[in-house]
Amino acid sequence: MPFFGDSAAGGPPPAVSVPERDASEGNGGAHGGGNAGAGAGGSAAGRAGAWLAAHPMPLLFLVLCAVGIRLAGLSLPFVAEEVLTRLCRDTVLALALILPITAGMGLNFALPVGAMAAQGGLLIAACAGLSGGAAVGTALAVALPLAALLGALIGTVLNRVKGREMIVSIVIGLLGSNLYQLLCLGVPGRLIAVANPSVLLSKGSGLRNSVDLEFFRHILRNVGHVTVGGVSFSVGSLVVVLFFAAAVHWLLHSRFGLHARAVADDRDRAALCGIVPDRLRLQAMVLSTVLGACGQLIYIQDLSILNVYTGHLLSDIFAAAALLAGGATLRSATVGQAVLGVVLFHTLFVVSPMAGQNTLSNAAIGEYCRSFIAYGVIALAILLNRRKEGMSA
């Protein structure tokens, strides 16, 4: 049985009827296909205005970003460089949330489990005292299969709690975080010998709060580093992010994506068409967890310092907030919305401390403000989604 093919064996995939809502969102708003030749300039502006009216989150963030940039007094090249750096660092984590949403599972708040798998692979390589390509290869060989296994376990659990996936995934993420922290504190140096004592606490057991990953420092960021118009960025990091974005886009428009939308719309009808809903949902969770591990690896190589006990925390919150800021909902998300959301959300992250400092003489206010916005965006998106479901019922 092929991984992405859930149709009955021995024949072509069945035709599945997907609502016009999904088709229009998957094709980037193809309602205007018949009007493509009329008034290209005006119709483009009209479609943009209509899209913003239908997606209030991007409009709200555009206004907040414009006000924040004005209050912060930062130069546009500086803001652009910081946002581009964060775009290369955080986009894959936002992309990891798209597939579960498409399969009708909502936001995957168990994303930190994938991040912990990535950190576990890096820590194993660091504890073994490896360096260079051997360390990177060991980290990947541990992190990605571990993330796939954990994703399968999470998917199995979520298949038993249909309709409550988001709240259960929060509990799974918290449980996994505590278990991971317990292992990091109690196993190295106590139950397992560590070849590299520099990663241990002074008492000889348990990992330090932060570990310097010299072998993983800027392995993407230093590839093709260029400066254009006063804005410096890494071509290598950008190419990797574009690769993952293209891969997720391809999945959404493949048979897997079509089946995922059918399962999200009506599991019983999808099953009658030959799709196995539970298997597809499990596959979506496996892919999401593996993408989360890849995103965390990209994030850590950019920083080159691993915060052992806290590095994975809030990865789900900030990724979800960025995705929702781009106009995604709990039932529909696209690659374009993920990229737009990361740009808008992290622009606000860049300018908010200085905006708080200049207006209220306290940069900490900006720090608290952006954390408040992250949680507020998720809460507002859930309320809007429930309201929309109530109106359509």
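## The second largest pocket

The second largest pocket has 27 lining residues, and those nearest its centre are Met116, Gly120, Leu146, Tyr180 and Leu183. Two or more lining residues come from each of α6 (111-127), α7 (132-158) and α8 (165-186); helices here are DSSP runs of H or I with at least four residues, strands are E runs of at least two, and both are numbered from the N terminus. A pocket is an open set of points on a 1 Å grid over the protein atoms alone, where a 1.4 Å probe fits, with protein on both sides within 12 Å along at least five of seven lines; lining residues have an atom within 4 Å of a point.

This model is predicted: local features need pLDDT of at least 70 and side-chain atom pairs pLDDT 80 or more, while totals for chains, interfaces and linings use all residues. Residues are numbered from 1 along each chain as its sequence is written, and side-chain values use heavy atoms, without hydrogens or water.

## What lines it

The lining of the second largest pocket holds 25 nonpolar residues, two polar and no charged. Nonpolar covers Ala, Val, Leu, Ile, Met, Phe, Trp, Tyr, Cys and Pro; charged covers Asp, Glu, Lys and Arg; the others, Gly among them, are polar.

Let's visit Ala328, in the loop between α13 (315-325) and α14 (335-360). Ala328 is buried, at 6% relative accessible area (buried means under 20%, with a 1.4 Å probe and protein chains only). Ala328 lies 53 residues from Ala381 in sequence, yet their C-alpha atoms are 8.7 Å apart.

Ser304, between α12 (277-303) and β4 (305-307), is buried at 4% and has a positive phi of about 70°. His218, in the loop between β1 (210-212) and β2 (225-228), has a positive phi near 50°.

Note on methods
Buried means under 20% relative accessible area, exposed over 50%, partly exposed in between (1.4 Å probe, protein chains only).
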